[in-house]
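Subject: Structure handover

Hello,

Here is the structure you were waiting for. Please open it alongside this email and keep the residue numbers in view as you read.

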Amino acid sequence: MFLDEVSITVRAGDGGDGAATFRREAHVPRGGPDGGDGGRGGSVYLVVDAGETMLRDYRHKHHFRADSGGRGEGSKRHGKAGRDLHLKVPPGQVDLSAEDLARYERERTHLQALLRTFSDTPPTTLVMLEPARGRRSSGFGLQRFFNDQLRSRHNGLDIAAPVGTPVVAASAGRVIDIGEYFFNGRMVVLDHGLGLLSLYAHLNSIDVAFADAVHGGRQIGTVGATGRATGPHLHFSVYLNAVAVDPTLFIVESQK
Ligand SMILES: [Zn+2]
């Protein structure tokens, strides 16, 4: 499914440099090395915090680095340890409440049935239009881990664009589902025929009605961040006989 998702880069602090110093004192005949070790670099921890509900905090800042250790000094003084960095993440992404889980299960059952839609009219074309103008922020098949667990593979294409950016039908089809879902937010699903479907999630507005016939390029809604979306983007999936396939196989040209 389509989880709240964000990519961040974390880096532990570097260890401090050791010092290379020598002592020479009247009562120590030969002197000797007395440089201290560099301090320990800080670690980065992801901390689950019940007070957090979304990963939105990480939308604008993606790089995090713990402090570096301090430099060692003479007289065997060790460098100061770098401070650790604790990043708070919400628990709901991994463990849903009983209520949310029940809703999610209901919606999943509905979607699984929906994706098995097979109508006998063949698609007018296999070429699809890019459904929204924007930056492709996450591709098909990307593995998504959370707290070291492989949660899922990304089953669509994400296009990041401002709220309100038009979303168009990738090709001619019929509206077989409109709704507001826990993960997908406001969503439209089109049936193109012979088991070929396209799905548009996290919409801000829906501009079609159930059972409408649309031509390719017709506006069906606008980009939003509804459901569990980290920021405004279109999640676009293409299904063939209930199996998600890479949408970019069908998109021949980007919108200009
Ligand atoms: Zn997505």
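Below is what was found in it, starting with the overall picture and then going through individual parts.

Please note first that this is a predicted model. The protein has one helix and 20 strands. Of its 256 residues, 30% are buried. Taking contacts between residues at least 6 apart in sequence, 69% join residues at least 24 apart.

The core

The largest nonpolar core has 32 residues, and the members that touch the most others are Val167, Met187, Val188, Tyr200 and Leu234. Two or more residues come from each of these elements: helix H1 (98-115) and strands S11 (157-160), S12 (166-168), S13 (173-181), S14 (185-193), S15 (196-206), S17 (219-223) and S18 (233-240). S15 contributes the most, with seven residues.

Not counting residues up to four places away in sequence, Val167 touches Pro131, Ala132, Tyr200, Leu203, Gln219, Ile220, Gly221, Thr222, Val223 and Leu234. Tyr200 and Leu234 are also on the list of core members that touch the most others.

Strands S8, S11 and S18

S8 and S11 run antiparallel and are joined by three bridges; one of the bridge pairs is Ser138 with Asp158 in S11. S11 and S18 also run antiparallel, with four bridges between them. Here Leu157 has Phe236 in S18 as its bridge partner.

Arg135 is in strand S8, which covers residues 135-138. Is Arg135 buried or exposed? Arg135 counts as exposed because it has 9 C-beta neighbours inside 10 Å, and the cut-off for exposed is 12 or fewer. Leaving aside neighbours within four places in sequence, Arg135 is in contact with Ile159 and Ala160. Its C-alpha lies 8.2 Å from that of Asp158, which is 23 residues away in sequence.

S13 and S14 run antiparallel and are joined by seven bridges. A hairpin of three residues connects S13 to S14.

Val175 sits in strand S13. With 19 C-beta neighbours inside 10 Å, Val175 counts as partly exposed; a residue needs 20 or more to be buried, so Val175 falls below that cut-off. Which residues is Val175 in contact with, leaving aside its neighbours within four places in sequence? They are Val188, Leu190, Val208, Ala209, Phe210, Ala211, Asp212 and Val214.

Two loop residues with positive phi

Ala211, one of the contacts of Val175, is in the loop between S15 and strand S16 (213-214). Although Ala211 is not a glycine, its phi is positive, at about 75°. Ala211 is exposed because it has 9 C-beta neighbours inside 10 Å.

Ser75 is another residue other than glycine with a positive phi, near 55°. Ser75 is in the loop between strand S5 (63-65) and strand S6 (85-89). With 10 other C-beta atoms within 10 Å, Ser75 is exposed.

Where is Gly18? Gly18 is in the loop between strand S1 (9-11) and strand S2 (22-25). Gly18 is partly exposed, because 16 other C-beta atoms lie within 10 Å. Leaving aside neighbours within four places in sequence, its contacts are Gly35, Gly36, Asp37, Gly38 and Gly72. Gly18 and Glu73 are 55 residues apart along the chain, and their C-alpha atoms are separated by 7.3 Å.

Regards

How values were computed. Residues numbered from 1 in each chain as written. Predicted model: local features only at pLDDT ≥ 70, side-chain atom pairs only at ≥ 80, totals over all residues. Core = buried A, V, L, I, M, F, W, Y, C linked by C-beta atoms within 7 Å. Contact = placed C-beta atoms within 7 Å. Pairing = 2+ DSSP bridges.
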